[in-house]
Amino acid sequence: MDQVNGSVVTEFVLLGLTQSLGMQFLLFLFFSVLYLGIILGNLFIVFTVIFDSHLHTPMYVLLANLSLIDLALSSTTVPRMISDLFSDCQIISFHNCMLQIFFIHVTGGVEMMLLIAMAYDRYIAICKPLHYLTIVSPKMCMFLVVAAWITGVTHAVSQFVFVINLPFCGPNNVGSFYCDFPRVIKLACTDTYKLEFVVTANSGFISMGTFFLLIISYIFILITVRQHSSKHLSKAFFTLSAHITVVFLFFLPCMFLYVWPFPTKSLDTFFAIVDFVVTPVLNPAIYTLRNRDMKVVMTRLSQQLVNFRKVT
């Protein structure tokens with residue numbers, strides 16, 4: 001790969017979160033617990049949807065895919081971030097840096113499209129309930145999932161093909177605890193103004209546009225419900241509040257990271273941690289604790305577990 005793009009840089013230097021040994025232990029415990037929560041919480045949703053026939057509906061198929069993507073997105077950065085806490089020199093090879101960037105944008109692009117698909121699913125379910133089974137059929141659900149993956153890969157490749165061929169011959173300090181397009185592009189030994197604009201448009205403006213589109217669509221759903229029956233407005237808002245919360249958690253950090261890609265170190269770290277750690281660990285809690293069907297399944301599973309213990 002180095003020969004292809006003419007680079008002499010074979011590795012990049014990442015930025016540590018802290019130099020204090022006490023804080024390193026604290027952050028190690030904190031992020032380890034959160035990452036374990038991400039794994040268990042998201043896999044719980046995936047396996048619950050797979051093995052409970054009552055949840056074999058488009059909404060929960062999309063939710064299971066979202067959980068898989070949350071786990072994958074978090075796994076692109078969090079394990080390395082935890083392992084680097086006690087490292088004196090945080091080094092990542094050129095190849096691994098490029099792979100990290102690629103998978104961050106694949107999973108991020110897929111998650112963006114899944115959130116759009118879930119908003120569409122809720123729109124049909126709430127505004128056109130009699131036509132829901134016809135419009136959001138299993139085939140349509142499969143199409144939405146496949147389209148999300150194709151879009152995610154296209155989104156990543158459309159930027160990656162330019163970055164992989166940039167010449168890197170000088171500074172190699174990324175200035176963050178993970179690799180991403182805006183910071184790595186800045187290290188190239190050539191004029192990257194046009195490419196920076198492409199990245200900002202591809203990741204930043206698309207994130208911003210999608211965010212406002214989703215918020216407007218949820219407002220439209222609530223207005224439609226209110227026009228038909230004001231007494232159902234609170235129920236609809238309760239149903240949509242989980243989706244709206246997840247949209248805010250995912251898109252706000254993305255907009256700051258790509259539309260305004262070089263804030264202070266503390267802000268950059270905060271937004272990245274929200275995207276890679278906080279959102280993936282909160283999504284399972286949001287969708288299980290605020291979802292009646294998931295609560296019923298959890299109650300049924302706990303009862304089966306209690307009965308199993310009694311038998312044994």
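This is a predicted model: local features need pLDDT of at least 70, side-chain atom pairs count only at pLDDT 80 or more; totals for chains, interfaces and linings use all residues.
I then looked for a partner and found Cys179, joined to Cys97 by a disulfide with an S to S distance of 2.2 Å. The angle about that S-S bond is -120°, a left-handed link. Cys97 sits in helix α5 (residues 94–127) and Cys179 in the loop between α7 (138–163) and α8 (181–185), so the bond ties together parts 82 residues apart in sequence. Cys179 is also at 0% relative accessibility and counts as buried.

Next I counted disulfides: the structure holds 2. The other one pairs Cys169 with Cys189, sulfur atoms 2.1 Å apart. I placed Cys169 in the loop between α7 and α8, and Cys189 in the loop between α8 and α9 (193–228); the pair therefore ties together parts 20 residues apart in sequence. Cys169 is partly exposed at 44%. Cys189 is partly exposed at 33%. Counting bonded cysteines along the chain, I get the pattern 1-3, 2-4.

I checked Cys127 as well: it is in no disulfide, and the nearest cysteine sulfur, that of Cys141, is 19 Å away. Cys141 is in no disulfide either. Its relative accessibility is 5%, so Cys141 counts as buried.

Then I turned to the record. The unreviewed UniProt entry lists residues 59–78 and 141–164 among its transmembrane regions. In the model, residues 59–78 are 90% helix, with end C-alpha atoms 28 Å apart. Residues 141–164 are 96% helix, with end C-alpha atoms 34 Å apart.

Last, I looked at the surface. Leu21, Phe25, Phe28, Leu29 and Phe86 form a nonpolar patch with about 490 Å² of accessible area together. Phe25 lies in helix α2 (residues 21–51) and is partly exposed at 48% relative accessibility.

Key: Residues are numbered from 1 along each chain as its sequence is written. Side-chain values use heavy atoms; hydrogens and water are left out. Patches are made of residues with over 30% relative accessible area and no salt bridge: like charges are joined within 9 Å, nonpolar side chains (Val, Leu, Ile, Met, Phe, Trp, Tyr) within 5 Å. Accessible areas come from the Shrake-Rupley method with a 1.4 Å probe; for residues, only the protein chains shown count as cover. A salt bridge is a side-chain nitrogen of Lys or Arg within 4 Å of a carboxyl oxygen of Asp or Glu. Helices (H or I, at least four residues) and strands (E, at least two) are DSSP runs, numbered from the N terminus. Buried means under 20% relative accessible area, exposed over 50%, partly exposed in between (1.4 Å probe, protein chains only). UniProt positions are given in the numbering used here, feature names are shortened, and annotations may be inferred rather than shown by experiment. A disulfide is a pair of cysteine sulfur atoms within 2.5 Å.
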